[in-house]
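Biologist: I am new to this structure. Could you walk me through it?

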Amino acid sequence: MKLFVSEGNPQCMKVLAAVELTGVKCDIHHANPEERIVPTLSHPVLPVLQSSSGDYLFMPNAICRYLFELSGQEASSQTDQWLEWEATELQPALMQALHLSVLQAKRTEAAGALEGPLRFLEQSLSKKPTTFLTAETATVADTVLWGALYPFLSDASFLPGDSRHVAAWFERVTALPACQAAARSILNEKGGKAALRNFVQRQPMPHTQRRDTQSCSQPEENSSEREMTEEEIQAAEETWRRQVADFPAPADRQHPILPQEGRRNLLITSALPYVNNVPHLGNIIGCVLSADVFARYGRLRGWNVLFVCGTDEYGTATENKAREEGLTPRQICDKYHKVHADIYSWFQIDFDFFGRTTTDQQTEIAQDIFWRLHQHGFLVSDMVDQLRCESCERFLADRFVEGVCPHCRYPEARGDQCDKCGRLINAVELKDPQCKVCRQTPVVRSSKHLFLDLPKLESQLDQWLEQSMSSGNWTSNARHITRSWLRDGLKPRCITRDLQWGTPVPHPDFSGKVFYVWFDAPIGYLSITANYTDQWEKWWKNPKQVELYNFMAKDNVPFHSVVFPCSLLGAQDNYTLVNNLIATEYLNYEDTKFSKSRGVGVFGDMAKDTGIPADVWRFYLLYLRPEGQDSAFSWSDMALKNNSELLNNLGNFVNRAGMFVTKFFNGCVPEMVLQQEDRRLLAQVGWELRQYIQLLDRVRIRDALKCILNISRHGNQYIQMNEPWKKIKGESQDRQRASTVTGVSVNVACLLSAMLQPYMPAVSATICAQLRAPPSCADTMLRGAGAFLCVLPCGHRIGTISPLFQKLEADQIEALRKKFGGLQPEDEEPKNQAQAPPKASDPSPAPTGSVGNGADPERAKQLEKELAEQGDKVRALKAQKAEKNVITVEVTKLLELKKQLAVAEGRDPEPVPQKGKKK
């Protein structure tokens with residue numbers, strides 16, 4: 001094996017210490033930090049471990065864990081928890097502290113950044129009976145945390161006085177000969193400080209740590225001003241003077257797009273939306289919009305990108321929608337597929353192909369995977385208890401059953417999963433189940449079904465997950481959700497359903513059944529690609545050449561990280577599996593959830609009716625993208641961000657820069673004679689550009705957007721300090737200064753148009769048109785590590801300048817808030833109007849079975865309203881994270897109202913006894 005490390009990189013110190021501690025034989029190579037060791041990555045990364053088979057590991061903690069496992073030291077669950085904490089909690093704080101202390105000499109602020117993690121470590125160590133973190137001897141957890149903290153804790157004066165347990169632990173680990181050798185090699189006394197500085201300079205600028213739960217209307221803290229070194233300033237000027245003509249013009253996309261030898265081939269998917277659900281803002285940011293930003297960015301970077309999506313069209317939901325609207329399932333799919341396509345088109349989602357799952361290719365590919373799983377022995381059959389609604393005369397799909405969660409007592413759990421505790425549920429396990437269509441209590445019936453034998457595939461899945469998570473980019477929630485599934489133990493998962501509208505199961509013993517949506521729907525990625533090109537297998541059966549990115553919300557993670565990969569692994573047909581699983585948390589609406597039926601929240605088909613441009617919607621959704629925790633859409637915050645960040649910051653800078661050229665220099669970019677202040681701005685802008693690229697390479701979409709706003713802030717400050725509108729009226733020297741400031745500013749505006757392209761494509765195109773920017777400028781400046789060039793030289797004539805954004809007024813926002821705030825109780829219709837019993841005054845006889853003995857339709861109508869209000873109250877309390885006992889009281893009231901409603905509708909308030917075997 002070969003281990004590639006570099007001086008000054010604390011991550012390399014971890015792995016060197018692990019090599020020494022475990023005794024695993026490795027050839028150590030000291031590499032140039034700019035050298036690209038891993039051929040499949042577009043950017044250099046260290047450390048890298050190359051196995052004897054030629055595979056690469058380049059996540060430091062994964063390398064350490066692997067080395068310890070090779071030496072026979074398996075990681076315990078405690079060890080894994082420490083590794084997870086180091087990666088998700090300690091590392092962000094460490095990077096912020098390193099930037100503050102190494103680059104800005106702000107030692108006190110650096111200590112503040114580490115205060116929380118060090119306090120947690122101190123508290124944990126104070127309770128430990130063992131000499132080291134998890135045992136009497138040093139484990140991989142000690143090695144990883146020691147290497148991470150070494151740049152700070154090697155200076156004993158850095159620790160506060162109340163951290164004696166941390167100090168003692170660090171001293172014990174440092175005393176190990178293996179750790180001493182690693183420290184000497186990576187952070188030696190001679191050049192260690194300079195090497196560490198070089199390492200930190202290459203890392204993305206860490207933004208101030210903020211919780212997503214913070215009010216979105218709260219003003220953003222100004223990022224720390226970074227001092228630029230003379231070397232950075234000189235390099236920035238050299239880059240600035242390079243000619244755009246040196247770079248090729250961007251090539252037009254030629255369809256079909258196929259993988260190419262020698263290029264980075266990215267296959268990007270966003271979770272397939274149910275065809276009959278109109279997507280709300282949370283659906284849009286969680287899947288298609290995030291994927292669109294990354295796909296657009298990838299094309300600008302020169303990668304070979306294919307971006308596909310489509311509507312998921314099979315299942316009971318479609319059948320029920322067809323019944324409601326008096327159409328066939330096919331007609332419903334045709335109607336709502338167009339609705340989805342129109343919504344995404346308005347939001348400027350740039351798919352290479354937007355397809356659907358109700359195709360011949362879907363049937364062919366799904367049935368082929370099924371037969372392969374059957375042939376390799378990964379399918380089993382068993383009897384299943386299912387809920388059947390006698391009123392609707394059908395077995396109920398999981399999403400059409402609602403009841404009380406058997407685990408946490410949440411009253412609105414679905415038949416497949418509880419939204420509160422996240423546990424998977426069999427519908428028959430729900431307490432007080434109800435059919436969501438007619439609100440009747442379903443009965444239990446048995447039926448024979450096929451299961452994917454997940455336990456039999458678990459070892460293959462484990463091996464693949466270890467490789468994919470260590471080499472790819474998985475968000476922390478995707479890792480956590482996947483590991484929790486594995487920790488609980490995999491169970492066989494049913495892949496068939498007693499429905500009519502779906503992909504038919506081809507096995508003769510199961511005729512009349514269709515594939516269950518979570519077996520069938522992910523195969524839609526393959527069939528949609530097959531509808532795009534008959535050479536689809538070049539993407540989907542080509543794991544060595546293709547990198548697969550899946551974008552989704554967190555509730556879809558287990559099906560993309562466990563169930564679907566198991567289907568493809570079991571098929572044994574060289575399928576491309578996900579390398580990068582990008583999952584968001586949830587976006588809520590104000591202080592509640594989106595609800596089409598209650599009129600709460602903005603849905604995709606409504607956004608264009610607000611009069612707010614699509615690019616502003618894109619900007620705001622991406623600005624508050626729920627990456628670490630749930631976030632909430634807020635009308636007042638949207639107005640604030642539009643008026644401050646877009647209008648007063650970004651739009652103001654671009655407009656001023658262009659107007660100065662038009663007004664003072666007759667529409668031609670003037671001569672630029674750079675002074676030190678100008679060179680410093682070039683370096684600051686170039687540095688932000690490099691951060692933007694490093695962040696987006698890692699799909700940190702929200703953080704990269706802040707780099708754009710930082711640049712326009714720098715630009716506004718630069719203009720304000722130099723006052724070109726005054727200097728143009730002065731002496732020759734002042735006029736020259738106005739000329740330089742104007743020329744530099746309009747070039748910064750041109751760079752902003754390039755960086756905005758993935759986020760706000762229409763605004764980006766408008767800026768380019770106004771500045772008459774060369775077609776190749778965006779591709780040119782975003783290639784490689786990023787280059788801020790003078791793309792609008794002296795003499796370049798720009799076009800007509802006009803404002804980019806409009807102010808959102810308070811009365812306009814208040815009207816929109818009311819419009820999308822939900823129906824008032826007196827205006828709200830009963831939820832089940834179509835099934836509501838006739839009033840007592842109605843002379844018509846009631847249909848048989850519609851109202852039982854003792855039914856009170858008027859009382860039922862009133863209880864419907866009370867139930868809706870109480871449900872809203874419970875949800876609001878949970879969103880506010882109220883005390884558990886307060887929530888419990890209100891949930892009890894909610895359950896009592898449900899029982900009263902059952903009585904008022906003539907139903908038995910007690911659940912039907914559920915007999916038979918549960919699966």
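The questions and answers below go from the whole chain to single residues.

Modeller: This is a predicted model, where local features need pLDDT of at least 70, side-chain atom pairs count only at pLDDT 80 or more, and totals for chains, interfaces and linings use all residues. Residues are numbered from 1 along each chain as its sequence is written, and side-chain values use heavy atoms, with hydrogens and water left out.

Biologist: How many helices and strands does the protein chain have?

Modeller: Helices (H or I, at least four residues) and strands (E, at least two) are DSSP runs, numbered from the N terminus. By that count, the protein chain has 31 helices and 20 strands.

Biologist: What percentage of the residues in the protein chain is buried?

Modeller: Buried means under 20% relative accessible area, exposed over 50%, and partly exposed in between (1.4 Å probe, protein chains only). The protein chain has 919 residues, and the buried share is 56%.

Biologist: What share of the contacts with a separation of 6 or more comes from residues 24 or more positions apart?

Modeller: Contact means heavy atoms within 4.5 Å. Among contacts in the protein chain with a separation of 6 or more, residues 24 or more positions apart account for 78%.

Biologist: How many of the 11 residues in helix 2 are buried?

Modeller: Helix 2 spans residues 60-70 and is mostly covered. Its buried residues include Pro60, Ile63, Leu67 and Phe68. Just after helix 2, Gly72 takes a positive phi of about 90°. The buried count for helix 2 is eight.

Biologist: At what angle do the axes of helix 5 and helix 6 cross?

Modeller: Two packed helices are described by the angle between their axes and the distance between the axes. Axes are lines fitted to C-alpha atoms, for helices over the stretch in contact, and angles run from 0 to 180 degrees between N-to-C directions. The axes of helix 5 (residues 140-153) and helix 6 (residues 164-174) come within 10 Å and cross at roughly 105°.

Biologist: What does that make helix 5 relative to helix 6?

Modeller: Angles under 35 degrees count as roughly parallel, over 145 as roughly antiparallel, 65 to 115 as roughly perpendicular and the rest as oblique. That makes helix 5, relative to helix 6, roughly perpendicular.

Biologist: Which residues in helix 6 meet helix 5?

Modeller: From helix 5 come Asp142, Leu145, Trp146, Leu149, Tyr150 and Leu153. Ala, Val, Leu, Ile, Met, Phe, Trp, Tyr, Cys and Pro count as nonpolar, Asp, Glu, Lys and Arg as charged, and the others, Gly among them, as polar. The residues of the contact of helix 5 with helix 6 divide into nine nonpolar, one polar and one charged. On the helix 6 side are Val166, Trp169, Phe170, Val173 and Thr174.

Biologist: How many charged residues does the contact of helix 9 with helix 23 have?

Modeller: Helix 9 (residues 230-240) and helix 23 (residues 676-697) pack at about 85°, with their axes 8 Å apart. Among the residues making the contact are Glu230, Glu232 and Glu237 of helix 9, and Arg679 and Arg680 of helix 23. By class, the contact has six nonpolar residues and one polar, while the charged ones number five.

Biologist: Is Val5 buried or exposed?

Modeller: Val5 is found in strand 1 (residues 2-5). Its contacts beyond four places in sequence include Cys12, Leu46, Pro47 and Ile186. Val5 has a relative accessible area of 0%, so it is buried.

Biologist: Where is Pro47 found?

Modeller: The peptide bond from Leu46 to Pro47 is cis, with omega near 0°. Pro47 is found in the loop between strand 2 (27-30) and strand 3 (48-50).

Biologist: What is the phi of Val699?

Modeller: Val699 is found in the loop between helix 23 and helix 24 (701-722). Val699 is buried, with a relative accessible area of 5%. Although Val699 is not a glycine, its phi is positive, about 60°.
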